[in-house]
Amino acid sequence: MPTGSAGEPVLYEEKLWPAPWIWLVVAGAAVASVFTFIPISIQAGIVAAVVVAAVLSTLLLLSTPRIRLTSTELQVGKAQIERKYLGDVEAFTGSAATAQRGTELHGKAYLCIRGWISPVVRITINDAEDPTPYWLTSTRRPEQLTAALTAPSQGT
């Protein structure tokens, strides 16, 4: 079982990898760069395609956030919080998830959402010193994340 930063077991972990269609967009951008540079030379077009594909792929991979839950803390993207400050947890799919990301979104909420992942989980923050009312994160496994977050933990 993987361990967290303090050597404790990881109860839930997920990387929000780009969807397959995103990689098609990267391939399309690489092909488009060939046609942009082919009037200069075929070699310039090929080099441009390789560079565009490499840069876009690197940016996508480096910006892929992770959700990691241990018995004492939750990390979503670059943010982390002790579990003792977590409140209600609710999963949303379909039009309810769209509403959470749009019309029902609180302006002070922490967001870790990806357009290619529809389901979201809302995690209420119960810290009087934190102005953030909740975290909203995309997840491909909303039921498992919700179950892991609502299970009793040793750190609370």
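**Close-up views of a predicted protein chain**

**View 1. Order of elements and overall dimensions of the protein chain.** From the N terminus on, the elements run β-α-α-β-β-β-β-α-β-β-β-α. The protein chain holds four helices and eight strands; helices (H or I, at least four residues) and strands (E, at least two) are DSSP runs, numbered from the N terminus. This is a predicted model, in which local features need pLDDT of at least 70, side-chain atom pairs count only at pLDDT 80 or more, and totals for chains, interfaces and linings use all residues. Residues are numbered from 1 along each chain as its sequence is written, and side-chain values use heavy atoms, with hydrogens and water left out. The C-alpha trace spans about 65 × 40 × 30 Å along its principal axes. The radius of gyration of the protein chain is 20 Å, whereas a compact globule of 156 residues would have one near 15 Å; the radius is taken over C-alpha atoms, and the globule rule is 2.2 Å times the number of residues to the power 0.38. Of contacts (heavy atoms within 4.5 Å) between residues at least 6 apart in sequence, 64% join residues at least 24 apart.

**View 2. Helix α4 and its cover.** Helix α4 covers residues 142-150, and P142, L145, T146, A148 and L149 in this helix are buried. Seen down the axis of α4, these buried residues fall within an arc of 165°, so they line one face of the helix; the arc is that of the directions from the helix axis to the C-beta atoms. E143 and T150, on the other side of α4, are exposed. Buried means under 20% relative accessible area, exposed over 50%, and partly exposed in between (1.4 Å probe, protein chains only). The cover over the buried residues of α4 includes β1 (10-15), β2 (66-70), β3 (73-76), β5 (86-92), β7 (120-125) and β8 (134-138). In the protein chain, buried residues make up 37% of the 156 residues.

View 3. V31, F35, I38, I42, I46 and V50 make a nonpolar surface patch of about 590 Å². Patches are made of residues with over 30% relative accessible area and no salt bridge; like charges are joined within 9 Å, and nonpolar side chains (Val, Leu, Ile, Met, Phe, Trp, Tyr) within 5 Å. Accessible areas come from the Shrake-Rupley method with a 1.4 Å probe; for residues, only the protein chains shown count as cover. Helices α1 (20-37) and α2 (42-62) each supply at least two residues of the patch, and the largest share, three residues, comes from α2. I42 lies in helix α2 and is exposed, with a relative accessible area of 55%.

**View 4. Salt bridges.** The count comes to four salt bridges, each a side-chain nitrogen of Lys or Arg within 4 Å of a carboxyl oxygen of Asp or Glu. E13 pairs with R68, with the closest N and O atoms 2.5 Å apart. This pair links distant parts of the chain, E13 being in strand β1 and R68 in strand β2, 55 residues apart. E13 is partly exposed at 24% relative accessibility. E90 forms a salt bridge with R122, the closest N and O atoms being 3.0 Å apart. Here E90 in strand β5 and R122 in strand β7 are 32 residues apart, again linking distant parts of the chain. Salt bridges that share partners join E13, R66 and R68 into one network. The side chains of E82 and K84 also meet in a salt bridge (3.5 Å, N to O); E82 is partly exposed at 41%, and K84 is partly exposed at 48%.
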